[in-house]
Amino acid sequence: MNKWDKKAKNYSRYGEDKDRFENRIFDALDSLHVEFQDKTLLDIGCGTGVYTLHLAKKCSHIDGIDSSKEMLEVLKEDAKKLNLTNTDTLHIGWDSFTCKEVYDYALCTMSPAIREDRDLEKMTKCAKTKIYLGWAGKRETHIIEALFKAHGSSYSPPNGAKKVKEWLNKNSKFYQVIPFDEEKIRTREFDEAVENFEWHLDVRGLKPDKKKIVEVLEKFRDKENCITETTINHFNLIVW
Ligand SMILES: C[S@@+](CC[C@H](N)C(=O)[O-])C[C@H]1O[C@@H](n2cnc3c(N)ncnc32)[C@H](O)[C@@H]1O
């Protein structure tokens, strides 16, 4: 089973609350004069459509691709609720996708689909303007650090943005970067937290040991049988 399929049911999905992180990204893109009205867009690793479905209200057409079928099912369900008919989804990995047109925009938010030089080369050819949002070397979380330690490993925060900037510099591409900090507080029921952290360790290449996970999480369990995780994150929004 695709690892992201397991995540789909608990992954964040389209929402309209004003304080959502996506709104900060849309404001930042606005400040860079990135205009989506009547434009075409390819969303790489679109997931449940957290960004896609907002942009579909402005774009003429969006193709969203993702290697997780379950993520796309959520996107399609929400697109239907919103009566959005200009968004097509394709269940495919970025490696296997053939780009048949030059889009106005290619977007990749928080997805490991874009991580190698060849991914960046392909993304760059697919569209006139490219937008990448990714981790930039800071994800402070006591729980994940403790879990990695319990599994005999040490946690290093993801830094996809560094790779993108290195590639852009190496290829003498002009680009703009906007940094973002975020404090995220998430409370989960104990069993849901166990499942979530098992998934997290698995996706980071460790073999999750449920007994060890429960032992670590016991230290963070509150009176309501919940685990509250606070993470301090740093991201880069990169446009080229
Ligand atoms: C953290 S989610 C981000 C989803 C969405 N872009 C967002 O910002 O909410 C990562 C997504 O990338 C997808 N993904 C991972 N590797 C991929 C690949 N090689 N090709 C296409 N999609 C991929 C996963 O299935 C998942 O839906």
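How many residues surround the ligand, and which are the closest? In this predicted model, 19 residues surround the ligand, and the closest are Y11, G45, D66, T109 and S111. The legends below begin at the ligand and then turn to the sheet, its strands and several individual residues.

Figure 1. The ligand taken alone exposes 600 Å², of which the protein buries 90%.

**Figure 2. The residues of the shell around the ligand.** The shell divides into 11 nonpolar residues, seven polar residues and one charged residue. Among the 19 residues that surround the ligand, Y11, G45, D66, T109 and S111 are the closest.

**Figure 3. The open sheet of seven strands.** The strands follow the order β3-β2-β1-β4-β5-β7-β6, and their pairing is mixed. The edges are formed by β3 (87–91) and β6 (176–189); each has a single partner strand, so one side of each is left without a neighbour in the sheet. With direction ignored, neighbouring strands of this sheet are turned by 20° against each other on average.

**Figure 4. Strand β1 and its two faces.** Is strand β1, residues 40–44, mostly covered or mostly uncovered? Strand β1 is mostly covered, with five of its five residues buried. In a regular strand, side chains alternate between the two faces of the sheet. In β1, T40, L42 and I44 lie on one side, L41 and D43 lie on the other, and all of these residues are buried.

**Figure 5. The partners of strand β1.** On one hand, β1 pairs with strand β2 (residues 61–66) in the parallel sense over five bridges. Within this pairing, I44 stands opposite I65 in β2. On the other hand, β1 is joined to strand β4 (residues 103–109) by three bridges, and these two strands also run parallel. Here L42 stands opposite A106 in β4.

**Figure 6. The antiparallel pair of β6 and β7.** Strand β7 comprises residues 226–239 and pairs with β6 in the antiparallel sense. The pairing extends over 14 bridges. The bridge partner of V177 is I238 in β7.

**Figure 7. Two residues with positive phi.** Most residues other than glycine have a negative phi. D38 is not a glycine, yet it has a positive phi of about 60°. The position of D38 is in the loop between α2 (21–31) and β1. D38 has a relative accessible area of 57%, and is therefore exposed, the cut-off being over 50%. S172, likewise not a glycine, has a positive phi of about 50°. The loop that holds S172 lies between α7 (160–170) and β6. S172 is exposed, with a relative accessible area of 69%.

**Figure 8. Residue T124 in helix α5.** Helix α5 comprises residues 117–126 and includes T124. Is T124 buried or exposed? T124 has a relative accessibility of 14% and therefore counts as buried, the limit being under 20%. Its side chain makes a polar contact of 3.1 Å with the side chain of W240.

**Figure 9. Residue T129 in strand β5.** Strand β5 comprises residues 127–140, and T129 lies within it. T129 counts as partly exposed, at 23% relative accessibility. T129 and V74 are 55 residues apart in sequence, and their C-alpha atoms are 27 Å apart in space.

Figure 10. Where is A56 located? A56 is in the loop between α3 (52–55) and β2. With a relative accessible area of 3%, A56 is buried. A56 and Q37 are 19 residues apart along the chain, and 9.3 Å separates their C-alpha atoms.

Methods. Residues are numbered from 1 along each chain as its sequence is written. This is a predicted model: local features need pLDDT of at least 70, side-chain atom pairs count only at pLDDT 80 or more; totals for chains, interfaces and linings use all residues. Side-chain values use heavy atoms; hydrogens and water are left out. A residue is near a molecule or strand if one of its heavy atoms lies within 4 Å of it. Accessible areas come from the Shrake-Rupley method with a 1.4 Å probe; for residues, only the protein chains shown count as cover. Ala, Val, Leu, Ile, Met, Phe, Trp, Tyr, Cys and Pro count as nonpolar, Asp, Glu, Lys and Arg as charged, and the others, Gly among them, as polar. Buried means under 20% relative accessible area, exposed over 50%, partly exposed in between (1.4 Å probe, protein chains only). Helices (H or I, at least four residues) and strands (E, at least two) are DSSP runs, numbered from the N terminus. Two strands pair if DSSP finds at least two bridges between them. Axes are lines fitted to C-alpha atoms, for helices over the stretch in contact, and angles run from 0 to 180 degrees between N-to-C directions. A polar contact is a pair of N or O atoms within 3.5 Å; within protein, one must be able to donate a hydrogen and the other to accept it, and residues adjacent in sequence count only if both atoms are side-chain atoms.
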